[in-house]
Amino acid sequence: MPSLPFRQRPGRCIPGLATLMLAAALGGCSVSDTGPINTVSPVPMRASTQFINDFGDDGALVVGVSFSGGGTRAAAFAYGVLRELDAAVIDEDPRERSVTDSIHMVSGTSGGAVTAAYFAQHGPDQFHDFRERFLVQDVEASMRTSVASPVNLLRAWSGGVNDRSSLADWMDRNLFDGATFSAFDYPDAPTVWLTASDVFNGVPFLFTHDTFAALCSDLNQLRIADAVAASAAVPVVFAPLDITADSPDCGYRRPAWLERALDDREAPVRLNAHARALDSYRRSDRLTTVRLLDGGLTDNLGVTGFALERASADTPHGPLTAEQAVRLQRLLFIVTDAGRQTLPEWGSRAQRPRLSELLPAVSQTTITSSVRKGFDALRLAAQQWQEDIIRFRCSLSEAQVIRHRGSLNGWNCRDVRITVELLSFHDFDTETQEALNRIPTRLSLPEDQVDLLIDAGRRAVRENAEIRETVAAIRRHAGVRRSPWPQQ
């Protein structure tokens, strides 16, 4: 979760010497943009698909990526991971394909949501300009950052210094080109999960068709920039982004998985909480406005989307189709964690920590603990999923295998491996870790720090033994002989 510091930026709103009374009288230099970001609809909205897209290749490899929070530090580290995956060639016939061509699932929180959304929008062939369009831009120039401004103090007291007119509008103009979620509906598009936090229900808020169907709202009309800004809305620095839950009845009917999650006492706690949140959006006695803040408050790794898809699946192989499950050999889920691992200075002194030192430590402890729990839960779910898929595959008749796979050549029902890998700053030597941990959690960073993070992401992929082994196995399957990672 970002913790963006304010800084003095002259020429923004009124001078720092103005009094709070004058600021209150003036009401600021601009009108706050706090209206709801969703568009309600009188007709039922479609629910999310139960399965990920089929890319039309041999299906031997399926890749998912999830990018953590951490401002531009996290976005740059995630971009480096993508660039290195894009450099790894896994097939040459009928066309050259890299690992990024097999990314079927992409998710992100906060800073990582920026990279996730941009990759999902542009695909593996057109995401390479992300460094120039976002990472090295002075994004904070669009924000109110002065601690000396009385107007900013009043805005902070009122719920948040920056609203949609800052980060969201900047990204809409300069990064996402006015695109809405309909831009994710193209052939071979990966399933995308962007995560904010519903601070009323205390759960991750997923920008999915299931969520917006419960809100009687059309997700395809929502600006990508608004979803990403909600995911990165650090409390106080940003005002919550609002979703109206006060729409007229559109004929919404609960999907089967939601009914099961509400009624089954044995349903996973996370799935039940998500179902109760969606149910609250249709109950007039609960709330009229859903207020969204930084996704890192509830899921700093951005893995909730996949975890819920798996938990709500009504087949042993979902969210894979039966055909995808039969063709699968390797499923690789890569999670990045760009959290800083700095040790507080007060740990080596006898004097007790001051409040200004203790509060950040409490926040970091909470986030770090939730990251560990989230990753461990994801890895356990993946292990169980692998066992479920193997049982399903081994229960099929030869005729069914041929129908799904085309032939029995090389068929081994147990030849499936699902791996979850965490890439973080812990993967490097002490000197590199210290350099990365010194990079602050901001939305604007110097180019040398951006490039250090990109290089770290690339190195983390190259030096991960499980990723290398997965790439090698798929290359053997495809008969590719040349080196997977050319000289950089």
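Helices here are DSSP runs of H or I at least four residues long, strands are E runs of at least two, and both are numbered from the N terminus. This is a predicted model, so local features need pLDDT of at least 70 and side-chain atom pairs count only at pLDDT 80 or more, while totals for chains, interfaces and linings use all residues. Residue numbers start from 1 along each chain as its sequence is written, and side-chain values use heavy atoms, with hydrogens and water left out.

**Overview. The whole chain, before zooming in.** The protein chain has 17 helices and 12 strands. Of its 488 residues, 55% are buried (under 20% relative accessible area with a 1.4 Å probe, protein chains only; exposed is over 50%, and partly exposed is in between). Take the contacts (heavy atoms within 4.5 Å) with a separation of 6 or more: 81% of them are between residues 24 or more positions apart.

**View 1. Helix α2 packs against helix α16.** Residues 71–87 form α2 and residues 447–462 form α16; their axes are 7 Å apart, at an angle of about 45°. (Axes are lines fitted to C-alpha atoms, for helices over the stretch in contact, and angles run from 0 to 180 degrees between N-to-C directions.) That angle makes the pair oblique, the class left over once angles under 35 degrees are called roughly parallel, over 145 roughly antiparallel and 65 to 115 roughly perpendicular. On the α2 side, look for T72, R73, A76, F77, Y79, G80, V81, R83, E84, L85 and A87. Their partners on α16 are V450, L453, I454, A456, G457, R458, A460, V461 and R462. Sorted by class, this contact holds 12 nonpolar, 3 polar and 5 charged residues (nonpolar covers Ala, Val, Leu, Ile, Met, Phe, Trp, Tyr, Cys and Pro; charged covers Asp, Glu, Lys and Arg; the others, Gly among them, are polar).

**View 2. Helix α9 crosses helix α10.** The two axes, from residues 256–263 (α9) and 269–280 (α10), come within 8 Å and cross at roughly 110°. The helices are therefore roughly perpendicular to each other, and their crossing is left-handed. α9 brings W257, L258, A261 and L262 to the contact, and α10 brings L271, N272, H274, A275, R276, L278 and D279.

View 3. D279 is found in helix α10 and counts as buried because its relative accessibility is 16%. Skip its neighbours within four places in sequence, and D279 is in contact with R254 and L262. L215 is 64 residues away from D279 along the chain, yet their C-alpha atoms are separated by 9.4 Å.

**View 4. Helix α6 meets helix α8.** The α6 and α8 axes come within 8 Å, crossing at roughly 140°. The pair is therefore oblique, and α6 passes α8 in a right-handed crossing. Here L167, A168, M171 and D172 of α6 meet A225, D226, V228 and A229 of α8. The residues of this contact split into 6 nonpolar, no polar and 2 charged.

**View 5. D226 and its surroundings.** D226 sits in helix α8, residues 224–231. With a relative accessibility of 1%, D226 counts as buried. The side chains of D226 and R223 are joined by a polar contact of 2.9 Å (a pair of N or O atoms within 3.5 Å; within protein, one must be able to donate a hydrogen and the other to accept it, and residues adjacent in sequence count only if both atoms are side-chain atoms). Not counting residues up to four places away in sequence, D226 touches I37, R164, A168 and L241.

View 6. S110 has a positive phi of about 55° although it is not a glycine. You'll find S110 in the loop between β4 (103–109) and α3 (111–122), and at 0% relative accessibility it counts as buried. D188 is not a glycine but has a positive phi of about 70°, and lies in the loop between α6 (167–174) and β6 (191–198). D188 counts as partly exposed, at 41% relative accessibility. The peptide bond from G318 to P319 is cis, with omega near 10°; P319 belongs to the loop between α11 (304–312) and α12 (322–327).

Definitions and conventions. Left-handed = near helix turned anticlockwise from the far one by under 90°.
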